[in-house]
Amino acid sequence: MPFSRVLGQETAVNVLQRALRSGKTAHAYLFEGIEGCGKMTTALAFIEAAFCRRDDGCGSCPSCRKMAGLQHPDLHRLAPEGAFIKIDQVRELQRELSLRPVEAPMKACIIDDADRLNPAAANALLKTLEEPPGNALLILLTTNPAGILPTVRSRCQLLRFSPLPERVIEEYLTDAGREPAAARLAASLAGGSLSRALEMEEGSAGTARQGLIERLRTLTLEEITPLFAAAEELAADRERAVEALGTLTSLLRDVLLIQGGSNEVVNRDLVDLLEEEACRMSPERTLTRLGHVMEARQALQRNANPRLTMDVLLMRLADRTTP
């Protein structure tokens, strides 16, 4: 997986390639950015180049071919088992890293969702970050930098990954065979995430968002049972809840834009519904609701209790007495 596979992250790629050329790579990196912006692709390309002893993988040597299939014996990957990455997983990683590389000049590990290291695991990892065995390379990935312990963060070289530009996502989808109009809509809704754009099926992109608008309309404190049922449904999966609140943020932002006389809405295919919602409430009320949604989304990203967070949010959204 050469660096040419990385889309829209030229700054990060340039930093890593300069380090490879100078022979001054850090032993630990922290890649921050939204889901689907290229962190994992960049991490794999970086490791491939390091294993290939070049500033980019050649793509043809045995090492590069094994990296392409994620079958290299010196590549290790760590991800949450359940809600968290546990201390036993970190201890097993430490054992692996203490062994000599099988083929590559070093061992390398990618720790995905590093913000979900539980406290014991994060503290255990500190020793490896401070004194990595041999010249092991560790790359931590996160969408939630606030969830990383400051002591862990301070021992890594930070690289921030920006959301991908719409044009980059649109071009990728078009080249992959998506109809131009569908590619344009998916790119505008993806919020800079290629993976999110790829998940949007043609013809069904509006279904979930339309459902959120309709649910927003029907919320009322006079019928509390359906409200709590909706909160329970949304809270069942933390990641899906975060995604739903991101979508709701986009919808309310568009309502606010329409109320301000702007046509620069993202959810263009739902403009009729958005205009109806814009007429139904005041700009002040829209702004208040938008603030509540953003606050709840940030709370979930900080590992707040999903059910309690969604209960409080939906009650706030249903309250028609506040401006």
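Predicted model: local features only at pLDDT ≥ 70, side-chain atom pairs only at ≥ 80, totals over all residues.
Trainee: What makes the salt bridge between R160 and E32 count as one?
Mentor: A salt bridge is a side-chain nitrogen of Lys or Arg within 4 Å of a carboxyl oxygen of Asp or Glu. R160 and E32 are 3.6 Å apart, N to O, so the pair counts as a salt bridge. R160 sits in strand β5 (residues 157-160) and E32 in strand β1 (residues 28-32), so to speak distant parts of the chain, 128 residues apart. Helices (H or I, at least four residues) and strands (E, at least two) are DSSP runs, numbered from the N terminus. The whole structure has 21 salt bridges.

Trainee: Which domains is the chain divided into?
Mentor: Domain 1 (2-160) and domain 2 (204-318). The bounds come from an automatic or database domain assignment. Taken over C-alpha atoms, the domain centres are 36 Å apart.

Trainee: Why does the largest pocket lie between the domains?
Mentor: Because domain 1 and domain 2 both give residues to its lining. A pocket is an open set of points on a 1 Å grid over the protein atoms alone, with protein on both sides within 12 Å along at least five of seven lines, and lining residues have an atom within 4 Å of a point. This pocket holds about 1400 Å³ of space. Its lining has 41 residues, and E35, V242, E243, R297 and Q301 are the closest to the centre. Helix α12 (238-259) is one of the elements supplying at least two lining residues, and its eight are the largest share.

Trainee: How is the lining of the largest pocket divided by class?
Mentor: Into 13 nonpolar, 14 polar and 14 charged residues. Ala, Val, Leu, Ile, Met, Phe, Trp, Tyr, Cys and Pro count as nonpolar, Asp, Glu, Lys and Arg as charged, and the others, Gly among them, as polar.

Trainee: What makes a space a cavity?
Mentor: In a cavity, a 1.4 Å probe fits but cannot get out. The structure holds two cavities of 30 Å³ or more. A volume is the space filled by probe spheres set on the points, which are joined across faces, edges and corners. The largest cavity has about 110 Å³, and L212, R215, L234, L248 and L314 are the closest to its centre among 13 lining residues. Twelve of the lining residues are nonpolar, none polar and one charged.

Trainee: Which residues line the second largest cavity?
Mentor: I213, L216, L248, L251, L252, V255, L274 and E277. That cavity holds about 40 Å³, and α12 gives the largest share of its lining, four residues.

Trainee: What makes the nonpolar surface patch?
Mentor: L221, I224, L308, V312 and M315 make it, with about 370 Å². Patch residues have over 30% relative accessible area (Shrake-Rupley method, 1.4 Å probe, only the protein chains shown counting as cover) and no salt bridge, and nonpolar side chains (Val, Leu, Ile, Met, Phe, Trp, Tyr) are joined within 5 Å, like charges within 9 Å. Helix α15 (residues 306-318) gives the most, three residues.

Key
Residues numbered from 1 in each chain as written. Heavy atoms only, no water.
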